Amino acid sequence: MAGNYDILIEQGATFSLAITVTGIDLTLYSARGQGRTTHESPDKAFTLSTAISYLSPNSTITVSLTATQTTALTAPSSGVYDVEYVSGSGLVVTRILEGSYRITPEVTR
């Protein structure tokens, strides 16, 4: 069962979130994550960059957006997102985190 965590993305600022996965070595896995305005929306609001690291006994999935990427996001806005990890064969997909996102507008430019 995926964890639930709501995120705040500040337009124009770097966004990064580290997700600890306990007791699993994910070095042969990949990760992916997207945000959409609604679950049914065919259009992505953003695609998260992902990186996986492993330090026994835990793995960490880090998802991020650069400041340039968040500058391009529409603000204010909100929606839903999730993050999954995928086995090397692509046959096993596990949703690790889901929730809502909110994008706040940048003032300093």
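Start by selecting Gln69, which you'll find in helix α1 (residues 67-71); helices here are DSSP runs of H or I with at least four residues, strands are E runs of at least two, and both are numbered from the N terminus. Before you click further, note that this is a predicted model, where local features need pLDDT of at least 70, side-chain atom pairs count only at pLDDT 80 or more, and totals for chains, interfaces and linings use all residues. Residues are numbered from 1 along each chain as its sequence is written, and side-chain values use heavy atoms, with hydrogens and water left out.

Show its contacts (heavy atoms within 4.5 Å) and, leaving aside neighbours within four places in sequence, you get Ser49 and Ser64.

Now select Phe46. Phe46 is in strand β5 and is the bridge partner of Gly35.

That takes you to strand β4 (residues 30-36). Ala31, Gly33 and Gly35 make up its covered face, while Ser30, Arg32, Gln34 and Arg36 are on the uncovered one. β4 pairs with β5 (residues 46-47) in the antiparallel sense over two bridges; strands pair if DSSP finds at least two bridges between them. β4 also pairs with β8 (residues 77-86), again antiparallel, over seven bridges. To see one of those residue pairs, pick Ser30 and its β8 partner, Val86.

Next, the largest pocket. Select Gln34, Arg36, His39, Tyr81 and Asp82: of the 15 lining residues, these lie nearest its centre. (On a 1 Å grid over the protein atoms alone, a pocket is an open set of points where a 1.4 Å probe fits, with protein on both sides within 12 Å along at least five of seven lines; lining residues have an atom within 4 Å of a point.) β4, β8 and β9 (93-104) each give two or more residues to the lining, and β4 gives the most, with five.

Of its 21 residues, Ile9, Phe15, Phe46, Ile61, Val83 and Ile96 touch the most other members. Finish on Ile9, whose contacts beyond four places in sequence include Phe15, Phe46, Leu65 and Tyr101.

Methods: Buried < 20%, exposed > 50% of the residue type's maximum accessible area, 1.4 Å probe, protein only. Core = buried A, V, L, I, M, F, W, Y, C linked by side-chain atoms within 4.5 Å.
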